[in-house]
Amino acid sequence: MKITDVAAFRAKSGTVPPLRRLLMGVAAVLVSGVTLVAPAVLPSGGTSIASAHADPCPAVQVVFARGTGEPDGTGRVGEAFVDALRPLAKGKSVAVYAVNYPATRDFLRAADGANDASLFVQNMAVTCPDTKIVLGGYSQGAAVVDIITVADQPTLGFAQPMPASVADHVAAVAVFGNPSIRLLGGPLTALSPLYGNKTIDLCNGADPVCSNGDDVGAHSLYVQSGLATQAAQFVADRLTGAPITTLAGQG
């Protein structure tokens, strides 16, 4: 999608609710020739699936939504993020839940992921109130996180908005290649009143999914660029209560 196309889309959709615009816009990006499909990889069997753990209430619960076209699990970025986070958690137990949704080119189905993630997070907040929840997502998965942290009412297939009180249980949010930066005019740090101040929203250079750049390859290099590790450090600081500021921008 060219810069002028983005402007036209925003003008046309100016009266459409933000989350509806996001889902419509992600599809528009694909139609315009910018692929959101991540390189195909095989599941590693590590953090790419919901982990089983003896303690029903882990100290830290990561909830991560993979990118388009990745196999079931957390995907490459999610896996790298969790692998980097574990040693920084200072011995705390870290459980991982991979958001269950199609992650196909039918981007309106991101709402399925939002419903699944929202229900899981709400259940964790009730059954494990002392667990610190970490939300994460890459590409279309970042849009899933946008939905659950921005929408305060049902919209376009999303039927499970999270009560405001759930935000108290979420320690940090990490999103990569987030289409909201481009389609809604800002990062999640600015869009979410409840979660923005605990979010790191990373765009890798001229990644066209989250910027007006044209480096398509950059969208597949969040692990290689070190941004998954950078996000893990941000989250670790949030978990320990270290003084930090919200982060959004280029890698």
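Ala, Val, Leu, Ile, Met, Phe, Trp, Tyr, Cys and Pro count as nonpolar, Asp, Glu, Lys and Arg as charged, and the others, Gly among them, as polar. The model is predicted, so that local features need pLDDT of at least 70 and side-chain atom pairs count only at pLDDT 80 or more, while totals for chains, interfaces and linings use all residues. Residues are numbered from 1 along each chain as its sequence is written, and side-chain values use heavy atoms, with hydrogens and water left out.

**Cavity and pocket**

A cavity is a set of points, on a 1 Å grid over the protein atoms alone, where a 1.4 Å probe fits but cannot get out; a pocket is an open set with protein on both sides within 12 Å along at least five of seven lines, and lining residues have an atom within 4 Å of a point. Points are joined across faces, edges and corners, and a volume is the space filled by probe spheres set on them.

One cavity of 30 Å³ or more is counted, and the largest cavity has a volume of about 30 Å³. Its lining consists of V63, A65, V99, A117, L135, G136, V144, V145 and I148. Eight of these residues are nonpolar, one is polar and none is charged. At least two lining residues come from each of β1 (60-65), β3 (132-138) and α5 (140-150), and α5 gives the most, with three. Helices (H or I, at least four residues) and strands (E, at least two) are DSSP runs, numbered from the N terminus.

The second largest pocket, with a volume of about 150 Å³, is lined by I148, T149, V150, A151, D152, M162, P163, A164, P193, L194 and Y195. Nine of its lining residues are nonpolar, one is polar and one is charged.

**Helix packing**

Axes are lines fitted to C-alpha atoms, for helices over the stretch in contact, and angles run from 0 to 180 degrees between N-to-C directions.

| Helix pair | Angle | Axis separation |
|---|---|---|
| α3 (residues 75-85) and α8 (residues 227-240) | about 50° | 8 Å |
| α4 (residues 110-127) and α5 | roughly 55° | within 8 Å |

Angles under 35 degrees count as roughly parallel, over 145 as roughly antiparallel, 65 to 115 as roughly perpendicular and the rest as oblique. Helix α3 is therefore oblique to α8. The contact (heavy atoms within 4.5 Å) joins V77, A80, F81, A84 and L85 of α3 to A228, T229, A231, A232, V235, A236 and L239 of α8. Eleven of these contact residues are nonpolar, one is polar and none is charged.

Helices α4 and α5 are likewise oblique to each other. Here A110, A111, G113, A114, A117 and S118 of α4 meet Q140, V144, I147 and I148 of α5. This contact comprises seven nonpolar, three polar and no charged residues.
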